[in-house]
Amino acid sequence: MTDKILKALAFDGQVRVFVLDLTQSVDEAHRRHDTWHTATAALGRTLVATSLLASNLKGEDRLSVEILGEGPVGRIITDGDSMGNVRGYIQNPHVALELNSKGKLDVAGAVGLPGTLTVRKYITGTDEPFSGQVPMISGELAEDFTYYMAISEQTPSSIGLSVLVNPDESVAAAGGFMIQVMPGATEETIDTLEQRINAIGRFSDLLDQKKPLEELLEILVGEDNSQILDKHEVAFYCPCSKERFANSLKMIGNSELQTIIDEDGQAETVCHYCNEHYHFSKEELQALLTVGESNV
């Protein structure tokens with residue numbers, strides 16, 4: 001099954017709703033980075049939140065998210081585009097903590113407080129990214145992203161992030177939702193939403209039951225209470241390539257390239273986001289050196 005995101009309006013346009021199944025993408029991130037279960041949940045929740053936030057963008061715009069706490073997983077960096085496609089990595093992937101007091105994966109313990117959540121938006125046509133940063137308030141991440149939306153973007157929201165990991169460390173389910181309250185929403189609507197959200201339980205359990213996104217939308221806002229605006233596929237996507245890394249190697253200069261050729265006779269580059277390895281033979285490095293010399 002492919003990952004998908006659904007966008008809708010509900011309560012006669014009083015709220016905007018995003019519902020996301022990102023199971024395959026989070027599992028691919030787990031496989032690429034060899035994450036252990038607590039790290040998988042931390043990275044997975046961040047990827048889900050990134051996809052939800054990025055889906056608010058337009059065109060070629062994109063955003064990046066940085067989670068930096070004092071816990072054992074270290075820094076988490078993710079990146080998303082306006083279609084909700086994501087990529088990301090975690091500094092220390094081999095983190096497997098005991099379950100927390102509620103019997104759930106201890107993401108807060110893995111992330112660690114105090115910490116910061118930073119979102120950088122790269123908007124087409126602007127020279128500098130829009131950057132917003134808030135202190136993390138729980139480390140469970142859903143509450144932290146909800147806090148970010150309220151403080152940094154002044155958009156009252158409810159965000160749910162959920163990752164369910166199998167005993168063999170693979171990802172059983174991953175996804176979430178974001179409900180944004182529009183100006184003019186009534187207190188009755190807000191109260192109804194709060195009651196429905198509190199009654200859901202673990203969102204990943206609903207995803208694990210293979211419920212379609214349309215049914216998950218109805219669970220969130222009620223039957224016949226929404227208007228679907230869009231539904232499309234999303235994926236773990238990294239635009240890295242050997243050609244891009246070759247261009248980066250050219251940038252280090254001829255003397256540095258010659259040193260690599262003389263000392264190692266080869267080179268290997270690794271993309272942090274997707275852990276793809278690109279090998280350059282001595283002949284390929286010499287070709288880059290030749291190009292560099294011809295441009296001097």
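Which handedness does the crossing of H2 and H4 have? It is right-handed, where right-handed means that the near helix is turned clockwise from the far one by less than a right angle, and left-handed means anticlockwise. The model here is a predicted one, so local features need pLDDT of at least 70 and side-chain atom pairs count only at pLDDT 80 or more, while totals for chains, interfaces and linings use all residues. Residues are numbered from 1 along each chain as its sequence is written, and side-chain values use heavy atoms, with hydrogens and water left out.

On to the helix pair itself. Helix H2 covers residues 37-54 and helix H4 covers residues 142-151; helices (H or I, at least four residues) and strands (E, at least two) are DSSP runs numbered from the N terminus. The two pack at an angle of about 30°, with their axes 11 Å apart. Axes here are lines fitted to C-alpha atoms, for helices over the stretch in contact, and angles run from 0 to 180 degrees between N-to-C directions. That makes H2 roughly parallel to H4, on a scale where angles under 35 degrees count as roughly parallel, over 145 as roughly antiparallel, 65 to 115 as roughly perpendicular and the rest as oblique. From H2, Thr46, Ala49 and Leu53 meet Phe145, Tyr148 and Met149 of H4, contact being heavy atoms within 4.5 Å. By class, the contact of H2 with H4 has five nonpolar residues, one polar and no charged (Ala, Val, Leu, Ile, Met, Phe, Trp, Tyr, Cys and Pro count as nonpolar, Asp, Glu, Lys and Arg as charged, and the others, Gly among them, as polar).

H2 also packs against helix H1 (residues 23-33), at an angle of about 135° and with axes 10 Å apart. That makes H1 oblique to H2. This crossing, too, is right-handed. Val26, Ala29, His30 and His33 on the H1 side meet Thr40, Leu43, Gly44, Leu47 and Val48 on the H2 side. Sorted by class, the contact of H1 with H2 has five nonpolar, four polar and no charged residues.

Next, the nonpolar cores. A nonpolar core is a set of buried Ala, Val, Leu, Ile, Met, Phe, Trp, Tyr and Cys residues joined through side-chain atoms within 4.5 Å, and buried means under 20% relative accessible area, exposed over 50% and partly exposed in between (1.4 Å probe, protein chains only). The largest core has 65 residues, and those with the most contacts inside it are Leu53, Ile67, Phe145, Leu161, Phe280 and Leu285. H2 supplies the largest share of this core, 10 residues. Apart from it lies another core, of 23 residues, among them Leu6, Ile179, Ile200 and Leu216. As for leucine 161, with residues up to four places away in sequence not counted, its contacts are Arg45, Val48, Ala49, Leu52, Leu141, Ala142, Phe145 and Gly175.

Aspartate 79 lies in strand E4 (residues 75-81) and counts as buried at 9% relative accessibility. Leaving aside neighbours within four places in sequence, aspartate 79 is in contact with Thr50, Arg62, Leu63, Ser64, Asn85, Val86, Arg87 and Tyr273. Its C-alpha atom is separated by 9.4 Å from that of tyrosine 89, 10 residues apart along the chain. Glutamine 180, in strand E9, is buried with a relative accessible area of 2%.

A cis peptide bond, with omega about 0°, joins leucine 113 and proline 114; proline 114 is found in the loop between helix H3 (107-111) and strand E6 (116-122). Glutamine 154 is not a glycine, yet has a positive phi of about 50°. Glutamine 154 lies in the loop between H4 and strand E8 (157-165) and is exposed, with a relative accessible area of 58%. Glutamate 169, in the loop between E8 and strand E9 (171-181), likewise has a positive phi, near 80°, but is partly exposed at 21% relative accessible area.

Finally, glutamine 258 is found in helix H9 (residues 254-263) and is partly exposed, with a relative accessible area of 30%. The C-alpha atoms of glutamine 258 and leucine 289 are separated by 7.4 Å, with the two residues 31 apart along the chain.
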